[in-house]
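Please consult the sequence and the model shown below while reading.

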Protein chains: 6
Amino acid sequence: MQPGTTGVVVQQIDRAARDVIDGLAEMGVATVHEAQGRRGLLASYMRPIYSGARVAGSALTILSPPMDNWMIHVAIEQIHDGDILVLGTISPSDAGYFGDLLATSAQARGCRGLVIDAGVRDVADLTEMGFPVWSKAVCAQGTIKETLGSVNVPVVCADELVNPGDVIVADNDGVVCVRREAAAAVLEKARARVANETAKRERFKAGELGLDIYGMRERLAEKGLKYV
Amino acid sequence: MQPGTTGVVVQQIDRAARDVIDGLAEMGVATVHEAQGRRGLLASYMRPIYSGARVAGSALTILSPPMDNWMIHVAIEQIHDGDILVLGTISPSDAGYFGDLLATSAQARGCRGLVIDAGVRDVADLTEMGFPVWSKAVCAQGTIKETLGSVNVPVVCADELVNPGDVIVADNDGVVCVRREAAAAVLEKARARVANETAKRERFKAGELGLDIYGMRERLAEKGLKYV
Amino acid sequence: MQPGTTGVVVQQIDRAARDVIDGLAEMGVATVHEAQGRRGLLASYMRPIYSGARVAGSALTILSPPMDNWMIHVAIEQIHDGDILVLGTISPSDAGYFGDLLATSAQARGCRGLVIDAGVRDVADLTEMGFPVWSKAVCAQGTIKETLGSVNVPVVCADELVNPGDVIVADNDGVVCVRREAAAAVLEKARARVANETAKRERFKAGELGLDIYGMRERLAEKGLKYV
Amino acid sequence: MQPGTTGVVVQQIDRAARDVIDGLAEMGVATVHEAQGRRGLLASYMRPIYSGARVAGSALTILSPPMDNWMIHVAIEQIHDGDILVLGTISPSDAGYFGDLLATSAQARGCRGLVIDAGVRDVADLTEMGFPVWSKAVCAQGTIKETLGSVNVPVVCADELVNPGDVIVADNDGVVCVRREAAAAVLEKARARVANETAKRERFKAGELGLDIYGMRERLAEKGLKYV
Amino acid sequence: MQPGTTGVVVQQIDRAARDVIDGLAEMGVATVHEAQGRRGLLASYMRPIYSGARVAGSALTILSPPMDNWMIHVAIEQIHDGDILVLGTISPSDAGYFGDLLATSAQARGCRGLVIDAGVRDVADLTEMGFPVWSKAVCAQGTIKETLGSVNVPVVCADELVNPGDVIVADNDGVVCVRREAAAAVLEKARARVANETAKRERFKAGELGLDIYGMRERLAEKGLKYV
Amino acid sequence: MQPGTTGVVVQQIDRAARDVIDGLAEMGVATVHEAQGRRGLLASYMRPIYSGARVAGSALTILSPPMDNWMIHVAIEQIHDGDILVLGTISPSDAGYFGDLLATSAQARGCRGLVIDAGVRDVADLTEMGFPVWSKAVCAQGTIKETLGSVNVPVVCADELVNPGDVIVADNDGVVCVRREAAAAVLEKARARVANETAKRERFKAGELGLDIYGMRERLAEKGLKYV
């Protein structure tokens with residue numbers, strides 16, 4: 001399906017294995033981003049509405065017309081347990097496309113959160129419900145239900161292309177997208193990275209220096225660093 | 001009184017009934033904004049200095065010259081129990097017009113909070129005092145006391161015109177202004193809306209879909225939505 | 001050492017007395033900024049990654065090339081107990097120059113926090129560790145280690161020049177820089193200011209007005225303020 | 001008519017005298033802004049689509065719903081020769097509400113330009129037609145015609161309240177609004193200011209210093225300025 | 001080829017017919033955007049470095065690592081006469097990835113312009129050469145040549161997905177992307193639109209109103225518009 | 001003199017040789033920035049008020065209090081023929097600190113332009129006078145003359161430290177600062193760079209590729225670039 005197509009709901013999408021997704025959630029955004037070669041990071045203006053959530057899920061993508069949230073209702077029917085809604089807009093907006101009723105509906109169907117390149121409202125309720133959202137804005141301005149977009153076509157969200165079924169990982173550091181086919185391999189690399197970092201962390205805690213742990217002194221000297 | 005007039009303090013303003021104001025606080029910003037036909041919302045850059053406050057009060061308006069907070073002292077004398085200070089500036093600024101001493105003074109006279117299209121400081125103290133502020137910025141830069149503005153004239157605050165005595169509702173979603181004369185009617189509509197939403201929420205929780213609750217399927221089909 | 005010099009690590013810098021530094025921390029940013037004549041405040045886009053920290057320390061300055069955090073490793077070796085890392089960049093960036101491993105290393109050597117005119121990542125970990133950071137952005141995007149910058153040369157950080165050994169004070173209101181030589185005098189003025197404010201706060205709490213406490217009524221009348 | 005009222009077209013508005021309006025155009029924005037006591041300036045993000053235009057006219061105000069330009073068609077019927085369209089939105093948007101067809105229509109009826117707190121498109125055509133626009137954005141994204149706003153009610157445009165019939169002056173420096181009733185007096189003050197500046201300009205050209213022309217040296221010395 | 005793939009140069013891409021491309025250039029951005037159903041518009045922060053250029057060409061896409069312009073050299077070898085370079089970055093940057101030498105090289109090979117979601121420099125030279133650029137920033141800061149990206153893979157540029165071979169149309173209003181397969185049909189619709197607009201323009205010039213030309217009066221009355 | 005010092009006018013500053021300064025002007029900002037190792041570039045938000053100016057001069061620095069332009073008058077007396085005024089503010093502002101009268105005065109004394117980390121007004125007049133300005137904003141809002149700043153102390157301007165007497169080069173690409181002591185050496189390197197580029201430009205014009213001119217093919221292959 002061409003990115004940007006409107007008027008279409010794709011009902012069957014492939015998803016990554018649940019244990020891979022859950023494994024990626026544990027790794028967190030920064031580690032996953034590194035493990036997959038520093039790609040897939042959404043723009044840093046995407047911020048969580050509350051601090052502390054760390055989730056991963058399969059992207060259920062939504063392409064929305066300007067200030068129109070109709071497609072979210074359509075998308076909710078397509079939710080599988082463990083999905084994360086990912087909404088991109090055809091034209092930029094800070095309006096509040098999503099609030100507590102939609103969250104109640106999505107949560108009831110197993111949705112783990114929302115990543116939206118627009119605004120969200122009822123954030124006090126969403127916080128209380130434990131429904132995490134990463135958004136560009138918080139804004140009470142409502143939207144309309146007039147024009148078709150699509151569900152489960154590739155969408156651009158916060159400067160990044162997200163395909164339906166890609167794995168989304170989100171925490172306090174932001175949001176990263178992992179291609180579905182790469183998810184298992186990325187998890188493996190992320191775990192190796194974490195293992196390596198755990199060992200390093202102990203040495204750092206003990207007061208060792210990165211200069212020594214990583215053997216940087218020689219290269220710094222070669223580059224001409226002068227201690228005065 | 002013409003908006004933008006300087007050098008004037010209006011001492012008598014009409015206020016909405018206390019129970020109407022308190023009722024609007026319970027409704028919250030998003031509901032009130034919807035209930036009054038999606039108008040009156042301040043720009044979404046207005047953010048609370050701490051999470052969780054939800055207040056309503058009568059607008060005691062302040063028009064301030066650039067980087068000059070003198071009029072806040074003048075305004076505090078005019079506070080009636082239950083008022084919210086609403087400050088607009090003649091020229092945009094992020095400076096900290098307001099801090100803990102002014103908050104102590106305002107709170108002592110019954111003020112419920114501050115909505116300021118500029119900066120605020122001492123936010124740790126304000127948080128501890130439970131004095132909520134919605135502002136454009138947090139900034140320690142102080143202001144001066146040299147030039148007259150006005151108190152209780154209509155002011156533009158964060159893109160919205162606020163009249164003295166209008167009802168201000170503010171929570172995590174932002175700030176909305178309700179015309180004083182409309183406040184009781186808006187409260188009634190808001191309550192109807194909440195009642196309606198409460199019923200809907202239960203159905204959503206039970207797994208029903210918005211597509212069915214709102215009967216959207218037919219209209220979506222008419223618009224040409226295709227399931228593939 | 002000329003500001004902007006690269007390729008240099010200055011190992012010996014003068015620091016202010018510990019009790020002066022700790023005294024300034026107690027005063028907080030807004031008070032210190034006022035006490036030193038309203039200078040030294042970093043741009044208000046510098047925000048804490050978590051709420052509630054209030055620290056002061058000696059500036060250990062880092063000048064970093066674009067998207068390159070190599071010099072942070074070099075800087076950590078130079079940390080003395082009670083220092084705060086202050087990082088300015090040669091070219092603006094929101095990338096995440098600093099994360100939990102570097103924080104572990106810095107904290108192990110007595111570092112009290114980081115002030116960085118760029119991005120930071122692993123903020124959930126940093127929050128849990130109690131390692132406070134004031135930054136321009138939160139961003140998982142990593143950096144490289146290719147090019148030399150400098151350590152302990154004067155740097156521009158968030159529009160303000162910081163010299164190595166200057167005292168940095170940071171809290172919820174932002175970050176202020178106090179010249180090392182002026183630190184003791186500024187502390188004294190800050191304490192006088194606080195003492196004065198404490199007395200005033202009691203009067204405000206009791207309901208007295210700033211108009212009377214500061215004797216503003218006459219000057220307002222002279223300026224032509226009209227009560228209607 | 002209450003600001004923010006929707007669904008209303010006010011057909012009769014008072015306008016300032018044509019010679020006053022034309023006189024204000026000659027004065028330019030900065031001079032007019034000073035002459036009326038530094039108020040009425042629209043936010044500095046309002047920029048001309050081409051350089052060099054300097055116009056004044058009577059404000060024909062438009063209040064537009066989000067991404068809806070229907071009311072512009074309604075407004076054009078109300079244009080009197082010499083008017084300037086001033087559009088404020090109920091919710092912020094960068095979309096292109098106005099293009100060359102609307103400009104052709106407005107120009108045919110004597111409209112002198114557009115001030116719009118949103119986006120504009122077809123700017124190459126508008127430039128060729130000599131139809132000046134001051135806007136927040138240039139954007140090809142179109143709008144819809146679904147919801148009522150109002151014509152000739154007070155509107156907030158770029159942080160400033162504009163009443164129908166107020167005089168708008170716009171040039172490369174931005175846009176300023178002069179209350180209709182004050183226009184003649186402001187023009188007089190602006191002319192006095194220009195006369196005074198013309199004399200000063202000659203002295204500056206001849207190399208005299210502001211320090212001497214304005215007699216600043218003594219006051220600077222009193223404030224403690226030191227020459228070293 | 002998966003969007004975001006690095007380390008790959010696709011040498012053979014399909015392009016739209018030259019006369020279709022040239023036809024789209026004549027239509028301009030706003031018309032093309034409308035003709036294809038209001039999609040494909042790049043973010044409005046993309047501005048031309050000089051006024052007046054209107055071009056269309058086949059997208060030769062470049063995916064660039066942070067602050068690294070190496071792939072532009074690789075891309076230039078792939079230029080066919082009539083191409084437009086379209087550069088997306090893996091991480092956002094305002095640095096100047098492109099200047100007069102690269103423009104000389106690209107122009108020598110038939111390139112019609114550059115669309116870059118980053119910075120550009122030597123803009124005076126580029127203007128003199130008549131090499132049009134639409135960019136996010138003008139910035140003299142140079143980049144490096146260290147890391148591989150890709151050429152002719154799909155890229156996200158200014159919030160829009162661009163496939164290699166898509167038709168790019170750019171003028172003073174911004175930049176729009178037309179899917180290659182849809183280009184001929186979009187041109188046809190655009191021409192119909194222009195023909196229709198030309199007829200309308202004459203009527204507007206003659207003073208007819210949109211209210212009458214489009215028959216809006218009845219629907220406005222139904223919605224409840226009141227003339228007072 | 002400590003950066004940030006207020007209340008001081010330094011009357012004697014060293015300047016670079018005139019022919020060096022004029023030589024740097026010819027080189028332009030991007031070349032000078034490269035030639036001095038990619039440092040000294042002011043933030044890219046600094047834009048010229050009109051296109052096409054390219055100047056260099058000795059920095060006559062001004063440190064200004066918030067919204068106060070008094071020190072500009074003081075600075076003008078200190079102008080030597082060939083100087084450029086460089087204004088940094090103690091607190092950020094978009095207000096118009098500078099207009100046509102000050103420009104007339106400065107130009108009469110040999111000033112070549114203004115670089116101001118704030119706003120400017122009367123830009124149509126300044127353009128007509130041929131007095132170039134690089135600024136953060138264009139804004140008609142005036143300033144006051146109440147508080148002392150300094151003249152010819154080091155100032156932070158648009159994220160960069162500028163010392164009095166440093167050489168400022170400014171053109172359409174932005175503004176770069178060259179340390180006075182380094183100016184001659186930087187000019188030499190810039191000239192070598194230009195000579196080298198001139199040769200390269202001819203080869204590019206003739207259709208040669210950067211891949212061959214710079215011998216990049218082997219290194220790209222080593223990094224793993226695949227042509228498909």
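**Interface of chain C and chain A**

The side chains of C:Glu77 and A:Arg217 form a salt bridge, with 2.9 Å from N to O; the term denotes a side-chain nitrogen of Lys or Arg within 4 Å of a carboxyl oxygen of Asp or Glu. Across the interface of chain C and chain A, the rule finds five salt bridges. This is a predicted model, in which local features need pLDDT of at least 70, side-chain atom pairs count only at pLDDT 80 or more, and totals for chains, interfaces and linings use all residues. Residues are numbered from 1 along each chain as its sequence is written, chains are lettered from A and ligands numbered from 1 in the order in which they are written, and side-chain values use heavy atoms, with hydrogens and water left out.

**Extent and polar pairs**

- The contact (heavy atoms within 4.5 Å) involves 36 residues from chain C and 32 residues from chain A.
- About 2900 Å² is buried between chain C and chain A, 58% of it on carbon and sulfur atoms; buried area is the accessible area (1.4 Å probe) that two parts lose on being put together, summed over both.
- In chain C, the residues that lose the most area to chain A are C:Trp70, C:His73 and C:Leu101, together 20% of what that side buries.
- There are 15 residue pairs in polar contact between chain C and chain A, both residues at pLDDT 80 or more; such a contact is a pair of N or O atoms within 3.5 Å, and within protein one must be able to donate a hydrogen and the other to accept it, while residues adjacent in sequence count only if both atoms are side-chain atoms.

**Elements of chain C that touch chain A**

- β1 (8-9), α3 (70-77), α4 (100-108) and α5 (123-129) of chain C each supply at least two residues of this side; helices (H or I, at least four residues) and strands (E, at least two) are DSSP runs, numbered from the N terminus.
- The largest share, six residues, comes from α3(C).
- Strand β12 (residues 226-227) of chain A and β1(C) run parallel and are joined by two bridges, and A:Tyr227 has C:Val9 as its bridge partner in β1(C).

**Buried parts of chain E**

- Helix α3 (residues 70-77) of chain E is largely enclosed by the rest of the structure, because seven of its eight residues are buried, that is, under 20% relative accessible area (1.4 Å probe, protein chains only).
- E:Ser64 lies in strand β3 (residues 55-64) of chain E and counts as buried at 0% relative accessibility.
- Leaving aside neighbours within four places in sequence, E:Ser64 is in contact with residues including E:Met71, E:Leu87 and E:Tyr97; E:Met71 is among the buried residues of α3(E).

Terms used. Two strands pair if DSSP finds at least two bridges between them. Buried means under 20% relative accessible area, exposed over 50%, partly exposed in between (1.4 Å probe, protein chains only).
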